[in-house]
Amino acid sequence: MALNLRQKQTSLIVRMLNLNQSPSPGGGISSSSSAAAPTTAEGEEVYKILIMDGFCRSILSPLIRVNDLRSHGVTLFFGIDKERQRVPDVPALYFVRPTPENVDRIAADASRALYDSLHLNFSSSLPRPLLDRLASRLVESGAADRVSRVFDQYLEFVSLEDALFSLAQPRTYVHINDPAAGDREIEEIVERIVGGLFCVLATLGVVPVIRCARGGPAEMVASALDARLRDHLLAKPNLFSEGGGMAASFQRPVLCIFDRNFELAVGIQHDWSYRPLVHDVLDLKLNRVTLPGEKTAVKSYELDDSDPFWAANSWSPFPKVAEEIETQLSKYKQDVDEVNQRTGGKDGVEFDGTDLIGNTKHLMNAVNSLPELTERKKMIDKHTNIATVLLGHIKERSLDGYCDCENDMLVKGSVDRSMLLGLLRGKGTKEDKLRLAITYLLSFETPPPAELEQIETALRESEVDMYAFQYVKRIKSLNTSFAASSASASRGNIVDWAEKLYGQSISAVTAGVKNLLSAGRQLALTRTVEALMEGKPNPEVDSYLFFDPRAPRTGSGAQFKGPFREAIVFMIGGGNYVEYRSLVELGQRSQPAKHVIYGATEILNGVEFVQQLTELGQKMGLGGGGLTQSQ
Amino acid sequence: MSKVRDRTEDFRDAVRVAALSHGYTESQLAALMASFIMHKAPRQSAFMKAALKTLESIKELERFIVKHRKDYVDLHRTTEQERDNIEHEVAVFVKVCKDQIDILKNRIHDEETEGSGRTWLQFRDDASHADMVAHKHGVVLILSEKLHSVTAQFDQLRSVRFQDAMNRVMPRRKVHRLPQPKSEASKSDLPKLGEQELSSGTIRVQEQLLDDETRALQVELTNLLDAVQETETKMVEMSALNHLMSTHVLQQAQQIEHLYEQAVEATNNVVLGNKELSQAIKRNSSSRTFLLLFFVVLTFSILFLDWYS
């Protein structure tokens with residue numbers, strides 16, 4: 001059974017929208033079907049008003065559209081901070097985070113008697129002190145009977161795709177790696193992450209086996225999560241017995257927790273596929289992209305699984321995407337011409353009697369297919385616009401050069417110095433140059449100092465902030481376990497040796513063969529996850545810690561490390577579409593097909609991640625001036 | 001399934017504790033707890049009652065269609081007459097629902113104009129209307145969308161019926177052509193028989209007979225042609241009417257959607273409007289002080305000039 005996070009979250013939200021009454025017939029309702037009638041037990045509570053706060057609105061926005069809300073009987077929706085007026089004789093549905101401000105606001109609304117009855121849904125568990133606070137406020141104003149029901153929904157995460165989720169906790173990487181952070185702050189962050197992960201597991205209804213690397217935030221999060229799950233499982237009934245007895249160990253997934261420092265290069269590099277490009281250049285947030293149109297009209301597009309072109313082409317490289325758009329456009333034009341021809345378009349067409357019935361049939365088909373054709377046209381327009389804007393950016397910033405250079409460095413381990421320095425001095429925004437330089441740092445264990453000097457001078461000439469660069473240098477010197485470089489270094493050795501012996505031709509051949517064999521480079525993350533899922537002894541992952549919330553606390557018991565069919569991979573500090581793609585490919589190419597869900601505290605593109613690194617560099621007090629490499 | 005997530009019991013306990021700490025008497029406490037268990041029936045406005053009634057009738061329409069679906073679609077169960085009956089009933093039903101929705105819509109509109117006419121100066125009342133008006137528009141929109149989906153369902157059934165009807169007509173046309181040569185052939189047999197019996201002296205009579213028969217043939221053929229053409233035009237009409245029902249309802253839904261969106265915008269505009277008004281009031285008071293100051297200075301300057309000269 002494949003774990004489909006987005007569908008589960010959607011069905012829970014639909015149930016919530018129906019005021020948590022008996023689940024509507026038909027099980028999980030996908031967000032695109034809007035034909036569900038408001039089936040309720042009592043006929044009186046059919047129409048409701050939905051009130052959300054900012055975070056919960058971002059939870060709902062990738063899952064449900066406004067029209068679909070209407071099909072569940074929601075007439076209006078408001079933000080909780082907005083000044084609202086009385087709407088008598090409707091129940092109000094609140095979906096908010098359990099914070100003191102929200103609780104006060106709810107109490108104020110209840111005392112003003114804005115709505116007839118309130119149904120409160122908190123996105124994660126409401127702690128006891130807040131519950132008492134709510135109760136006392138309500139009793140003071142005498143409005144306690146207005147609150148009909150209170151629920152904990154455990155939905156405090158954003159699921160962007162079927163197998164991709166984010167906890168929407170910004171700047172976690174900065175906070176965790178902040179040199180000035182105290183213990184208490186780190187604990188708070190760990191608590192928040194554990195809360196979010198607990199919600200994810202509760203929604204999926206599984207208790208996984210947890211594995212993580214030793215030391216660092218991953219271990220803290222894993223042990224805290226283990227403790228929380230154990231405490232929760234002691235109470236019966238609990239959230240995990242809802243899933244219907246899936247306790248057989250071969251069905252349990254493995255939860256792998258990683259820290260961003262495990263592999264920094266992925267977060268920074270430029271990628272050439274469609275989806276990471278849109279994310280990077282056009283700032284894809286919550287599956288929505290906003291383009292500045294002509295005449296200062298801002299257009300925003302929705303890009304998710306319901307768009308067939310996006311679903312089919314989001315991992316293809318950019319030139320191929322442009323070709324695909326062309327083919328789709330010509331096919332569309334063909335279809336439109338056919339329809340016009342059959343129904344006697346504009347120029348006079350023979351309307352002879354014998355063919356009349358055929359014509360009416362064609363007319364009916366045409367009328368039926370018109371909505372579909374308009375949909376296709378809209379989709380093609382949308383992607384054409386996006387591709388055009390992307391192309392403009394790529395030309396302006398010569399992103400293809402950056403992609404090639406970084407790819408060479410990370411995969412082949414070789415660097416074309418002239419191209420590198422040319423890019424650093426040439427076109428491209430400051431962040432692009434910085435990212436290239438950092439990728440250079442990360443791809444070599446010990447870069448030759450002369451080159452490093454050249455790169456630093458080039459960067460300084462282009463007036464690039466050096467904070468992030470210095471920070472990565474410092475981190476690299478402190479932390480020698482950058483797994484990414486090891487793989488590429490070994491490949492680089494082979495190629496260098498071949499080059500020395502046989503000249504250029506062999507290296508070209510091997511490069512070509514490599515490209516055929518591996519469509520993208522093998523990320524360290526993917527390798528580790530594969531090893532963890534296989535369960536065979538492997539020097540890389542044997543040192544990883546093992547937590548099993550279902551096993552008894554005392555005594556080791558049999559540690560089940562065997563092959564897992566499903567995995568949940570969590571990255572603390574900032575996830576990336578490139579990682580998501582490689583994990584999806586891993587799931588597809590193993591036999592039998594495995595299923596991997598990927599999540600992170602937030603999904604960052606390269607620019608944002610570099611900003612966080614810059615912030616850390618500033619906090620560390622690393623000057624913008626030149627520091628000789630300390631080694 | 002929702003036992004763990006339901007915190008209502010915890011909430012009620014917390015309320016009880018809070019009530020005790022606030023010094024509620026026993027009777028007040030009992031009343032509070034009772035009100036939790038039994039909700040007092042919410043008073044429903046007339047608008048909501050009408051809306052719920054309309055919803056009921058739409059649901060009944062849906063049930064009716066589902067019940068008769070098999071009868072309607074299956075070729076051999078019912079006659080054409082019964083199918084027409086079903087269609088007629090459904091059309092009447094749809095019209096009734098549509099009228100109810102229209103009444104609701106106009107009611108909102110009337111209440112809106114009436115409210116705004118009376119309370120031009122009392123901004124608070126206007127503000128409290130905006131949300132409610134938007135909500136009512138939302139209710140009406142939901143109703144009309146539901147009606148639209150039900151009629152779309154029915155239109156699908158109708159198109160299936162028309163397909164069957166058209167398929168039946170097509171082979172019939174081919175069958176029609178066959179009897180024509182047959183009748184021609186039988187007609188040409190008669191003159192042959194006539195020829196055998198008559199001698200050459202009655203050739204003129206034969207010719208007249210032939211002429212009559214040819215004319216009769218012509219008339220019959222033209223009749224047939226007319227009949228066929230009539231059938232075809234009827235087919236065209238029916239296929240054009242195919243989407244009629246659902247498009248009308250769709251139009252209505254679109255209109256209502258437009259109104260709804262305007263109402264939602266109005267709720268935002270009211271807030272902005274209030275802000276602008278308070279700013280205007282502030283500016284008003286500040287300009288008043290300035291005016292006062294100006295006049296005072298003017299007076300003093302006149303007195304000064306008077307004293308000076």
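This is a predicted model: local features need pLDDT of at least 70, side-chain atom pairs count only at pLDDT 80 or more; totals for chains, interfaces and linings use all residues.
Local features need pLDDT of at least 70 and side-chain atom pairs count only at pLDDT 80 or more, whereas totals for chains, interfaces and linings use all residues; side-chain values use heavy atoms, with hydrogens and water left out. Residues are numbered from 1 along each chain as its sequence is written, while chains are lettered from A and ligands numbered from 1 in the order in which they are written.

Chain B contains eight helices and zero strands. Over all chains, the structure holds 38 salt bridges and 12 aromatic pairs.

**Chain B and its helix α8**

- The elements of chain B run α-α-α-α-α-α-α-α from the N terminus on; helices (H or I, at least four residues) and strands (E, at least two) are DSSP runs, numbered from the N terminus.
- Of the 309 residues in chain B, 27% are buried; buried means under 20% relative accessible area, exposed over 50%, and partly exposed in between, with a 1.4 Å probe and protein chains only.
- The UniProt record, an unreviewed entry, annotates residues 290-308 of chain B as "transmembrane region"; such annotations may be inferred rather than shown by experiment, and their positions are given in the numbering used here, with feature names shortened.
- Residues 290-308 of chain B are 100% helix and 0% strand, and the end C-alpha atoms of this span lie 27 Å apart.

**Nonpolar surface patch in chain B**

- A nonpolar patch on the surface is formed by L291(B), F294(B), F295(B), L298(B) and I302(B), which together have about 500 Å² of accessible area.
- Patch members have over 30% relative accessible area and no salt bridge; nonpolar side chains (Val, Leu, Ile, Met, Phe, Trp, Tyr) are joined within 5 Å, and like charges within 9 Å.
- The areas come from the Shrake-Rupley method with a 1.4 Å probe, and for residues only the protein chains shown count as cover.
- One of the patch residues, F295(B), belongs to helix α8 (residues 244-308) of chain B and is partly exposed, at 48% relative accessible area.

**Aromatic rings**

- Rings of Phe, Tyr and Trp (its six-membered ring) pair if their centres lie within 6.5 Å; planes under 30 degrees apart count as stacked, over 60 as edge-to-face and the rest as tilted.
- The pair F304(B) and Y308(B) is stacked because the ring centres are 6.0 Å apart and the planes lie at 20°.
- Both F304(B) and Y308(B) are in helix α8 of chain B, four residues apart, or about one turn of the helix.
- F304(B) is partly exposed at 47% relative accessibility, whereas Y308(B) is exposed at 65%.
- In chain A, ring pairs join F157(A), F165(A) and F570(A) into a cluster.
- The charged end of R97(A) sits over the ring of F55(A), 4.5 Å from its centre, and the charged end of R228(A) sits over the ring of F198(A), 4.5 Å from its centre; this requires NZ of Lys or CZ of Arg within 6 Å of the ring centre and within 35 degrees of the ring normal.

**Salt bridges in chain A**

- A salt bridge is a side-chain nitrogen of Lys or Arg within 4 Å of a carboxyl oxygen of Asp or Glu.
- D280(A) and R435(A) form a salt bridge in which the closest N and O atoms are 2.8 Å apart.
- Because D280(A) lies in helix α10 (residues 274-282) and R435(A) in helix α16 (residues 430-443) of chain A, this pair ties together parts 155 residues apart in sequence; both residues are buried.
- K619(A) forms a salt bridge with D178(A), with the closest N and O atoms 3.1 Å apart.
- This pair links distant parts of the chain, 441 residues apart: K619(A) is in helix α23 (residues 606-620) of chain A, and D178(A) is in the loop between α6 (172-177) and α7 (183-204).
- K619(A) is partly exposed at 40% relative accessible area, whereas D178(A) is buried at 14%.

**Positive phi angles in chain A**

- Most residues other than glycine have a negative phi.
- A113(A) has a positive phi, near 55°, and lies in the loop between α4 (100-111) and β4 (117-122) of chain A.
- D283(A) also has a positive phi, near 65°, and its place is in the loop between α10 and β10 (288-292) of chain A.
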